[in-house]
Amino acid sequence: MQDHLEKAIQLKQTVVDFVYDAEGEMAIALETYAAQTAKKNSYGIKQQNLTVDLFLSEGKIQAQTPLDLFLAQAKDLNADDIEIIKLWKHNFIGLFEIQAIADDSYQLMNWLTAKTYQVYGHSGIPDKEKNRWQPGEIILTIIAPINAREWFFFSDRIIKGRLSQPKLAVAVGEFRDNYPDFLYADAPKLLEQAWDSVAVYHQEFVDYMGKDNLTLPGYKLNQKIAELQQIMSQKKLAEAGIDDSKSLSQLLTESGKSESDFTKAATDLGVEAQTVAKITQNKDKLSMVTPKIDLPADLKQAEAVTVFSHPRWGQMFLPTYEKFTSLLADENPEDSENSNLYVRRYLEKPETNYYVWQQLKQEYPQSLTKLLKNYTNKDNFDLETDLEQLLLKHNKPSTPELPAIASVPIHLNNLFEAAVAQVQKTKAKTKKKKKKGFL
């Protein structure tokens, strides 16, 4: 095994050198890829190493990856070398917890999917670093397959240590923001279910609200969203044939028990066999949960919040949309002293994504053109040819990322709920400690 690993490490370094030595399109692609990643991450040299290692299998040069180009150009590779490198097409980055350590192998759990892996260390990892690792620690790293069952550390490692539930929830959220393409990289079925849930949520939204966008006072919109989510939750359980047995369905998905063990335990508690059968037959429908949407305080208190819903982009909540569109309705919106402020905010804020800009473009093409000409100082600014590039510059691609309303695996939902409860409990204790005198 160690000989195989050492060969893999040597080959990996050869590929990295190939990328660094390349010029032309490869160099431009790496620079672009690194620049996009740098906008989201700031972990210094370790992050740079991770970025380059991800680029090997994820970068694109005319639809080919650096690995593809290396295999096509390398002349001194034998059959074994080629097979080793081909496996790296299945590399992925994850947020892993060390569950167990044995000799030079580690049992890691990917916190995004709860899948576990046997991962091997190697001479490329300093002993001083490995000796500090302990079960329970969280590592951000890339792993690569050795064979169908075993993996090795393919990249540098960013050690996040032992994390409390709130800090772990934050780390998962950061991973989601920084690596959206790898959210469920090792569980395509979960990814498919998550995207399907966005379309379902959108349709439920339209059915309940009557249209795909509306404007309401913040507190009222929050109430309507809560009512919608309650209806959706009851409907999902009913479709699975469970009615009020939500706790039993969660027990099945969380326990890890076999269906026969679960059936015996449930029937021993007096649950009807027919109900248990429905739960076990529909467990896939209950493996993911729609996260609770609770508008932040500033939106709840807003006089008017506009919400857009879309089967791919999800939901976007905008407290200034009516004011911005009122500005755009003017004949000369560029003359307003707030015009550049609105444009800058809509370019910078993540909720005003590509889809929102397309709504503005469709409804107010002339006024929007005037505003953007003024903002960019380009008299020849053209919505059809220049808007998309401007949005890309501000990290607003035309392809949607998995929205926040997408269903998440139950273990992540439980983590987020526990983290929120713990933070609220801490805040309550802090408030009590601050009380003095007769107050």
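Q: What should be kept in mind about the numbering and the model?
A: Residues are numbered from 1 along each chain as its sequence is written, and side-chain values use heavy atoms, with hydrogens and water left out. Because the model is predicted, local features need pLDDT of at least 70 and side-chain atom pairs count only at pLDDT 80 or more, while totals for chains, interfaces and linings use all residues.

Q: Which residues of helix α18 are buried?
A: Buried means under 20% relative accessible area, exposed over 50%, and partly exposed in between (1.4 Å probe, protein chains only); helices are DSSP runs of H or I with at least four residues, and strands are runs of E with at least two, numbered from the N terminus. In α18 (residues 383-393), the buried residues are Leu383, Asp386, Leu387, Leu390 and Leu391. Seen down the axis of α18, they fall within an arc of 135°, so they line one face of the helix, the arc being that of the directions from the helix axis to the C-beta atoms. On the other side, Thr385, Gln389 and Lys393 are exposed.

Q: Where do Glu384 and Lys361 lie, the two partners of a salt bridge?
A: A salt bridge places a side-chain nitrogen of Lys or Arg within 4 Å of a carboxyl oxygen of Asp or Glu. Here the closest N and O atoms of Glu384 and Lys361 are 3.3 Å apart, and the pair links helix α18, which holds Glu384, to helix α16, which holds Lys361, across 23 residues. Glu384 is exposed at 62% relative accessible area, whereas Lys361 is buried at 19%.
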